[in-house]
2 protein chains.
Amino acid sequence: MNVLNLLKSFDDLSEYWSPRVIGRVNQSFIKIAKAKGEMVWHDHSEEDEFFLVLKGELRIDLEDRAVILGPMDTFTVPHGVKHRPVAKEETWLVLIELASTKHTGDVASDLTRSVDDQLEWLNA
Amino acid sequence: MNVLNLLKSFDDLSEYWSPRVIGRVNQSFIKIAKAKGEMVWHDHSEEDEFFLVLKGELRIDLEDRAVILGPMDTFTVPHGVKHRPVAKEETWLVLIELASTKHTGDVASDLTRSVDDQLEWLNA
């Protein structure tokens with residue numbers, strides 16, 4: 001139960017597309033991630049995913065359109081909606097997801113990270 | 001399913017301590033609020049409450065201590081913990097709470113706002 005600065009928490013996050021859990025509220029995780037390049041197309045059949053961009057620009061490709069998020073822009077990808085996040089330059093993201101959400105959805109890829117790794121960090 | 005700028009969403013929020021729902025992700029609401037002065041002491045017996053300060057400074061009094069949040073600082077008040085948010089100057093907050101959380105907890109006061117009012121705004 002400590003105060004955590006959202007921007008400073010990015011300091012030692014070096015790997016792209018590797019979300020880190022920085023907080024929990026009820027059944028939701030608050031995660032941060034640095035993004036650059038293309039994520040894989042994926043969806044989460046039961047779980048919505050909230051995006052907030054702090055720095056940079058994130059394009060989220062959806063099946064029928066794309067949305068562009070600049071600094072302090074927010075967007076929620078509803079459950080079941082296929083999406084692909086893309087960042088041309090390094091972009092800083094805050095994500096709100098259920099504790100159970102895998103960031104690559106049902107798609108296992110080289111980018112898939114284990115939630116257990118993240119919890120280890122949170123409890124360290 | 002639209003992009004919403006978190007900072008711009010404060011533009012027409014004039015009343016203090018009157019949280020507005022600006023998004024929903026799973027069972028959680030993302031709310032914004034302008035704070036100035038003292039909130040009432042309250043707790044939420046079952047529900048955690050996440051605070052992010054965007055502008056200004058928020059002190060959260062707890063029973064045994066107080067925490068100070070500046071810009072981009074985050075803090076989660078665990079369920080069952082009595083707290084009182086206080087802001088000397090106008091402070092901008094983002095809150096993440098369950099859809100069911102009342103912002104004054106079990107305490108009904110002049111500051112209590114109905115979630116139905118907020119949903120009306122979200123769906124407008």
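## The interface

Chain A and chain B bury about 2,700 Å² between them, 63% of it on carbon and sulfur atoms. Buried area is the accessible area (1.4 Å probe) that two parts lose on being put together, summed over both. In chain A, the residues that lose the most area to chain B are A:M1, A:N26 and A:M72, together 26% of what that side buries. The contacts involve 34 residues of chain A and 34 residues of chain B, where contact means heavy atoms within 4.5 Å.

This is a predicted model: local features need pLDDT of at least 70, side-chain atom pairs count only at pLDDT 80 or more, and totals for chains, interfaces and linings use all residues. Residues are numbered from 1 along each chain as its sequence is written, chains are lettered from A and ligands numbered from 1 in the order in which they are written, and side-chain values use heavy atoms, with hydrogens and water left out.

On the side of chain A that touches chain B, 20 residues are nonpolar, six polar and eight charged. Here Ala, Val, Leu, Ile, Met, Phe, Trp, Tyr, Cys and Pro count as nonpolar, Asp, Glu, Lys and Arg as charged, and the others, Gly among them, as polar.

## Strands across the chains

Strands (E, at least two residues) are DSSP runs, numbered from the N terminus. Two strands pair if DSSP finds at least two bridges between them. β1(A) runs antiparallel to strand β7 (residues 73-77) of chain B, joined by two bridges. There, A:L4 stands opposite B:T74. β7(A) pairs with strand β1 (residues 4-5) of chain B, antiparallel, over two bridges. A:D73 has B:N5 as its bridge partner in β1(B).

## Strand β7 of chain A

β7(A) also pairs with β4(A), antiparallel, over four bridges. A:F50 has A:T76 as its bridge partner in β7(A).

Five of the five residues of β7(A) are buried, so the strand is largely enclosed by the rest of the structure. Buried means under 20% relative accessible area, exposed over 50%, partly exposed in between (1.4 Å probe, protein chains only). A:D73, A:F75 and A:V77 point one way, A:T74 and A:T76 the other.

A:G80 sits in the loop between β7 and β8 of chain A. A:G80 is partly exposed, at a relative accessible area of 40%. Beyond its neighbours within four places in sequence, A:G80 is in contact with A:D43, A:H44 and A:S45. The C-alpha atoms of A:G80 and A:D48 are separated by 8.0 Å, with the two residues 32 apart along the chain.
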